[in-house]
There are 2 protein chains.
Amino acid sequence: MGYTDTDKLAINTIRVLAADATAHANSGHPGAPMGMAPVAHVLFNKVMRFNPKNPKWLNRDRFVLSNGHACMLQYALLHLYGYALSIDDLKAFRSVDSITPGHPEAHDTPGIEVTTGPLGQGISNAVGLAIAQAHTAAVFNKPGFDVVDNYTYAFLGDGCLMEGVSSEACSLAGHLQLGNLIAVWDDNQITIDGDTNQAFTEDVLKRYESYGWQVLTVGDGENDLDGIEAAIKAAQAVKDKPTLIKLTTIIGYGSKLQGTHSVHGSPLKADDIKQLKEKFGFNPEQSFVVPQEVYDLCHSASAKGAAAEEEWNQLFAKYSEQYKAEAADLVRRQTGDLPEGWEKSLPVYTPADPAVASRKLSEIVLNKVYAAIPELIGGSADLTGSNLTRWKGAIDFQPPATGLGDYSGRYIRFGVREHGMGAIMNGMSAYGTLLPYAGTFLNFVSYAAGSVRLSSLSQVRNIWVATHDSIGLGEDGPTHQPIETLAHFRALPNMMVWRPADGNETSAAYYVALTSKHTPSILALSRQNLPQLEGSTIEKGIKGGYVLHEQEGADVTLVSTGSEVCICIDAVKELAEKHNIKARVVSIPCFEVFDAQPKDYRLSVLPDGIPSLSVEVMTTMGWERYTHEQFGLNRFGASGAYKDVYKKFEFTPEGIAKRAVATVNFWKDVPNIRSPINRAFQQLI
Amino acid sequence: MGYTDTDKLAINTIRVLAADATAHANSGHPGAPMGMAPVAHVLFNKVMRFNPKNPKWLNRDRFVLSNGHACMLQYALLHLYGYALSIDDLKAFRSVDSITPGHPEAHDTPGIEVTTGPLGQGISNAVGLAIAQAHTAAVFNKPGFDVVDNYTYAFLGDGCLMEGVSSEACSLAGHLQLGNLIAVWDDNQITIDGDTNQAFTEDVLKRYESYGWQVLTVGDGENDLDGIEAAIKAAQAVKDKPTLIKLTTIIGYGSKLQGTHSVHGSPLKADDIKQLKEKFGFNPEQSFVVPQEVYDLCHSASAKGAAAEEEWNQLFAKYSEQYKAEAADLVRRQTGDLPEGWEKSLPVYTPADPAVASRKLSEIVLNKVYAAIPELIGGSADLTGSNLTRWKGAIDFQPPATGLGDYSGRYIRFGVREHGMGAIMNGMSAYGTLLPYAGTFLNFVSYAAGSVRLSSLSQVRNIWVATHDSIGLGEDGPTHQPIETLAHFRALPNMMVWRPADGNETSAAYYVALTSKHTPSILALSRQNLPQLEGSTIEKGIKGGYVLHEQEGADVTLVSTGSEVCICIDAVKELAEKHNIKARVVSIPCFEVFDAQPKDYRLSVLPDGIPSLSVEVMTTMGWERYTHEQFGLNRFGASGAYKDVYKKFEFTPEGIAKRAVATVNFWKDVPNIRSPINRAFQQLI
């Protein structure tokens, strides 16, 4: 406490920088940065522990701007506190190839923990960061050695509170009693459409109380700096509940239009900026000015953070002596590398092994590797027995008080909350010490599309165990049978969608998913049993696509994934015996990975001179990239025993053979058939 | 009140039918039907007003089974009360082509209002049904003529409560003070993973109170029939709040495993069914038996419903005399036909008209047609000023008590709740008197993927006004710029994704979207201005694809959508002047509609003998179906002024020309180039 005029000047500097940058960009959101500048100052200057010279220090407090459109607030802070973000970067706000894009992007900008902007995601990421902290602390802290004891702070606006993803994540956060999570709600009573009373009249604090949160209020978020600090301290003091602080602010504080939705998403006009600067004692003729005493104040807080890290380094050095293995493990985890030799645990299959559903194959992998990969932590959206995501003897991640597990547990009961689960995984990945996975039916990964997209954009590693991946789930019917889902996520940049055909391919999928540090994965897994294929190996599988069954002088290539590959193998016999047609079979369990192989290799898999037919029980969309003809399902499925459903839609050896014959006939007069791998030009990447 | 042994027998009949059907199918969920049989009986037998002989009677009470996996409960009820659903249909539960699929599907089964199963959707649909009732009543009811005064009842389980979509919809329902909505929460303390205390320990009633709902409890949901009925009556009595009744039940009531998660999703074993039947006085040797007195009891309730409809018919006949126009309008609305001549209101453009953003063109359409189509009702997820979804002078749909509008208002402030908005639209469409639309950024339609999918599956008509449709939104950056979104929804069966290039195409998109009774639409609309194109007409546009610019002896076809079409037109000049290449231009604003055209027509648009190049600033996935080469964006976008972003990714006349030249060169040695329209075989539909 004991705030001075320099604190006020620092707060007003943030406001003026936000006004300057949005005006300079002629785009952006000045309102929330101006309204939230005081709480941001208190948090960064008096409370949070961080070192701008090492934004990746493990035990830093995490800050998440869930209302990501207010990013000029965060960019201004990063600049003031000495992160590698210059005044020129602020001037480049919202311009191409800057590190100050329209919404915060974690992979580009030092000091940004998670990519936010799509509303509701950041606060849900924060729940994931808090889970990761609690787990890491439970695993690594020792008496006298609190090597991990950071807090996670999040700012959020009304929009974040309205989004269902945050409801899911915050309900779970309450259940999990995450006392290390402190959220500040920017209660400015304004949304884009105007006053919040148009659509948002619920009692937010009561709702968060119902989730099991502590709730606090600060009535004057623009001036009551002591009150803000006291609230944050009170939040820290409660160890078994997350806290939501309702902070009443005035959007666009200082603007002539303060308190109206006009300052939400449009730059202030020139005369407004002029009066703003005059009011706050800035020279209205100058822009992007930071008074030296403000730099000094901020840098001195940063210096405290640097000293804290130094102190922590000493603590960790002692810890390393006493707990050598743990320390080495913690260091290794932060590199993203897995423990040496872990891959020896991956199961390998031969055709003599029994037919097994790939969801079960996934369970076998988890049971084999969990001990070798201690950072692996996962769960399910209340489908554990269906997704088979829990290894034998796993301990649940639960507050000890529940008697159901403890924070060192590596199995998370997410509840029926797919979107929250996805956003929580993104936060857990971002923490730096964990490798999260989560299960649901493939069809319901779509519920989490918003968070899945952000995992790709922010380049985090996590894994969706997406079982019941097709009409092969049978009786549950069209409401649960994916048709468009694989196309959707295959079209998402930096996302690996795997659909393994057998045990070796499942191991391959896990191998690549677990070792790709900057790419998330979706593993589409069958409910029904699949035979172990002749010709599949992990080595071939990790190329994303390969020739499973070669044939000299083949007339057609059958190209397939997952549960249809074995039917294609049967179709080969059918074609040979009944139609005198020679077919080869290609398996492409992952487009994204196959696309990354050298062209020569891809052409060897899908060569010129022979027509190809894809076979997959989903939309054909996307398959035209790899094959000349496509057999798929451009309609919804049906409820029934899976064999009946496959039969209804002719996904049988006979049905495939029929279309292979049509393919051969259709292409037989075309000279020099060109593989679709050949393209006129390269795509931009 | 005054429940008899026959009531108990009817309840037990439901339980036994649920056990029989799931056992017979060897699949399904007996637990919830057995636990909820009492409340279902009270509701259907003593409370609800419906006529099984006319399941579409306008003023029927609506029933939604949000926990759709419990559908054997609903199928049993439909059978018992005399809907067109026989004992044989129950025996065909979960078998291919039955009308009793694994989850309830509205388009297939008489008496099913909305398609449920994906959790959280049904209760959100129910909010939409309640909104539709409130609006229809406000518009059509007259003193002495309550032609629309039905209630909407919904059953939901813990899973529905955990899903964010229901949080969004129920928060809005509280704000909207929907007293006509009554939900019964099956509080059985069990989810698939086991006890709800593993993940779901929030205070649900407190949460619903925070939303502004009335909350009631019934402690013994298996036996206290009077208490159940009293709670429903108490819910009806409160006119300005929706009600949530917490009904404590025992999952799988009557089974040896009652109260455990073992009865949730697996049929009961034979010996368990035997003891169940014995306990309830049924012959354990017989299956699918309904005692005659149960039929009698149920049919007598149905007869009351039929009489109620008859009474209503008389009321409506009088109403029709006194309010001729209103009555005719109400009758017409239920056919799905629009008022005659409405299409004359659609704006038509010539190249002389100024360049306008297609989001603005959409606003112009809404302003022109709203008076002609009184069932059109829409809103936005708090982006009204960006989506331009509000016609001039629109009245907000608000509870009169707020002073912000009234229930006759046709503009809905959905708040930042995209998923809830989508599910609410589905419910509104299902009511039968409304044609809903809703706005958000295209990128955030993905938040609603779960409900969008169900709109397609359940064949309802509604419209997403999806603005800011590409990297053309500029400064907001990659977090907001769709890349995979069009591919995702184009891959969804029975979904029309439109991306109009100018004013006439925007009118065409609206024409088809508004007149397609059984297909939802997404209109992808630009933020940036687009010129009015030479050669576009509404008539061509409604074919989904057409030749915009023909050229004798063309070397290449440029195929594009939306904001890239005008750049292709400029590329034609560039190609002619700098490369001596003749290019024609095809616009395909909607794949789904173009695909439905006769093959001859499609081949005239994309003919043999000429290579084609698609141009769209998104993933190329899916374009391989129409073109030989693809220019797109298989990576995330960038934050910056839109022209800078287009330039960065070379979506300029020069960038297109460069790739057109590569296309021509790559294909020049191929004889008899085949149009991708030609296929070896037809897809199943």
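Please bear in mind throughout that the model is predicted.

I begin with the sheet of chain A. It is an open sheet of 5 strands, and reading across it the order is E1-E2-E3-E7-E6, with parallel pairing. Which strands stand at the edges? They are strand E1, residues 62-65, and strand E6, residues 214-218, of chain A; each has a single partner strand, so one side of each is left without a neighbour in the sheet. On average, neighbouring strands of this sheet are turned by 20° against each other, direction ignored.

Strand E2 of chain A, residues 152-156, and strand E3 of chain A, residues 181-187, are joined in the parallel sense by 5 bridges. Within that pairing, A:Phe155 has A:Val184 in E3(A) as its bridge partner. A helix also belongs to this picture: helix H2 of chain A, residues 31-47, lies across E1, E2, E3 and strand E7 (243-248) of chain A. The direction of H2 is at about 170° to E2(A).

I turn now to chain B. Here too there is an open sheet of 5 strands with parallel pairing, in the order E1-E2-E3-E7-E6. Its edge strands are E1 (62-65) and E6 (214-218) of chain B, each of which pairs on one side only. From one strand to the next, the twist averages 20°.

The next topic is a helix contact in chain A. How do helices H21 (residues 565-579) and H25 (residues 653-667) of chain A cross? Their axes come within 8 Å and cross at roughly 60°, and the crossing is right-handed. Among the residues that meet are A:Ile567, A:Ala571 and A:Leu575 in H21(A), and A:Ile656, A:Ala657 and A:Val661 in H25(A). By class, this contact has 9 nonpolar, 1 polar and 3 charged residues.

Finally, the cavities. How many cavities of 30 Å³ or more does the structure hold? There are 12. The largest cavity has a volume of about 100 Å³. Its lining includes A:Phe44, A:Met48, A:Phe50 and A:Phe63, together with A:Arg60, A:Asp61 and A:Glu113. Counted by class, the lining of this largest cavity has 7 nonpolar, 2 polar and 3 charged residues.

Notes: Residues numbered from 1 in each chain as written. Chains lettered and ligands numbered in written order. Predicted model: local features only at pLDDT ≥ 70, side-chain atom pairs only at ≥ 80, totals over all residues. Heavy atoms only, no water. Pairing = 2+ DSSP bridges. Helix = DSSP H or I, 4+ residues; strand = E, 2+ residues; numbered from the N terminus. Axes fitted to C-alpha atoms, helices over the stretch in contact; angles between N-to-C directions. Left-handed = near helix turned anticlockwise from the far one by under 90°. Contact = heavy atoms within 4.5 Å. Nonpolar A, V, L, I, M, F, W, Y, C, P; charged D, E, K, R; others polar. 1 Å grid on protein atoms, 1.4 Å probe; cavity = no way out; pocket = protein on both sides within 12 Å on 5 of 7 lines; lining within 4 Å. Points joined across faces, edges and corners; volume = space filled by probe spheres on them.
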